[in-house]
Amino acid sequence: MHEKPSNSNKKQGVTRRTFLGTTLVTGAALVARGSDAIFGAEPSASSNIATNPTWKLGGDLTVNRLGFGAMRVTGEGIWGWPPDRGNALKVLRRAVELGVNLIDTADAYGPETSELLIAEALYPYPKGLVIATKGGLTRPGPGEWVPDGSPQHLKQAVDGSLKRLRLERIDVYQLHRIDPKVPIEESLGAIKEMKDAGKIRHVGLSNVEPEEIERARKIVPIVSVQNRYNIEDRKSENALAYCEKNALGFLPWFPIGGTRGLKPENALNAAAKAHGVSVFQVALAWLLERSPVILPIPGTSSVAHLEENVAATKLKLAPEEWKAINALAG
Ligand SMILES: NC(=O)c1ccc[n+]([C@@H]2O[C@H](COP(=O)([O-])OP(=O)(O)OC[C@H]3O[C@@H](n4cnc5c(N)ncnc54)[C@H](OP(=O)(O)O)[C@@H]3O)[C@@H](O)[C@H]2O)c1
């Protein structure tokens with residue numbers, strides 16, 4: 001299964017929080033130095049790394065490249081309502097205040113609660129806010145994710161998301177994952193019908209290989225791909241290369257390692273110490289510089305972590321630091 005949101009693997013080695021103990025104080029430094037609107041930082045002096053602060057999804061939706069993943073504003077096991085609903089609303093509103101204008105969600109998160117919270121926090125939506133939702137995964141229970149790519153389910157899913165998000169048209173609708181029981185042509189055929197009916201502006205894919213993207217593009221234009229990718233997990237390099245070549249946005253999920261976090265004691269840590277920031281900020285800066293098509297969507301249930309993550313857009317790594325971090329293959 002592609003979604004692995006449980007906390008169980010925190011036991012494997014140093015957890016995010018214990019590791020953060022060594023970096024949290026300095027990690028706030030970027031936030032303290034930044035203003036509220038932290039996008040549009042000076043481009044880096046180095047020429048071989050991505051410096052574009054924005055990306056045009058589908059050629060017409062300009063988004064700041066660091067987005068927000070709204071999976072973590074739900075309850076334990078990505079199930080139900082969060083324990084502190086007021087806090088979840090604050091996180092979503094703060095993201096927009098900080099200049100985030102790409103929010104990733106899915107009908108499966110909660111299920112439904114992530115989309116409902118987004119609407120509760122942000123509707124009527126500010127101009128330029130892009131909500132990218134997904135369908136095609138069902139949730140029989142906490143921690144369970146079962147694909148359903150049947151046309152009937154997907155059409156109902158689009159209508160459900162439109163209602164919960166209080167939208168007439170979804171800016172980006174992503175097929176959450178390909179259902180092995182349903183040919184991709186059938187699933188995307190249904191999504192294309194919804195697009196043709198004016199209910200979807202652009203279509204994205206998730207958890208796909210380049211050959212699948214190729215097949216999908218024969219059915220309907222594709223603007224983005226969302227796969228697991230971070231400094232320690234680069235199994236999706238081929239998909240990223242495909243996106244670069246074809247100017248598709250690439251949204252890495254688990255950009256900072258998910259609940260497992262990232263391994264300490266490496267070049268990430270050295271750069272974090274050198275800049276007085278957290279290792280997660282370095283990991284996000286590496287992603288932003290890795291490719292102009294990358295749109296990281298870190299998820300959090302914490303305003304402080306959100307502020308720290310967005311502040312990573314100001315961090316510029318020296319070319320030798322970037323190279324050392326880049327050598328940390330997963
Ligand atoms: N397409 C797919 O199949 C798929 C699968 C998984 C996720 N996604 C999407 O991708 C987004 C990102 O993935 P993710 O949220 O699972 O993983 P992630 O962004 O790599 O990591 C999230 C985890 O890191 C913690 N965290 C976030 N910022 C932190 C910081 N500055 N310092 C310390 N801890 C921090 C969060 O805990 P706190 O809440 O305590 O901050 C949470 O446990 C999701 O929200 C979702 O939108 C898509």
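**Close-up views of a predicted model**

View 1. The model is predicted: local features need pLDDT of at least 70, side-chain atom pairs count only at pLDDT 80 or more, and totals for chains, interfaces and linings use all residues. Residues are numbered from 1 along each chain as its sequence is written. In the largest nonpolar core, which has 89 residues, V282 and A283 touch the most other members. Helix α11 (residues 279–290) gives the most to this core, nine residues. A nonpolar core is a set of buried Ala, Val, Leu, Ile, Met, Phe, Trp, Tyr and Cys residues joined through C-beta atoms within 7 Å; buried means that 20 or more other C-beta atoms lie within 10 Å of a residue's own.

**View 2. The open sheet.** Seven strands pair in parallel in the order β3-β4-β5-β8-β9-β10-β11 (pairing: at least two DSSP bridges between two strands). Helices (H or I, at least four residues) and strands (E, at least two) are DSSP runs, numbered from the N terminus. The edge strands, β3 (68–69) and β11 (249–253), each pair on one side only.

**View 3. Strands β5 and β8.** Four bridges join β5 (residues 130–135) to β8 (residues 170–175) in the parallel sense. A132 stands opposite V172 in β8.

**View 4. Residues around the ligand.** The ligand is surrounded by 31 residues, the closest being G69, M71, W253, G299 and T300 (near: C-beta atom, placed from the backbone, within 6 Å). Helix α12 supplies the largest share of this shell, three residues.

Conventions
A residue is buried if 20 or more other C-beta atoms lie within 10 Å of its own, exposed if 12 or fewer, and partly exposed in between; C-beta atoms are placed from the backbone.
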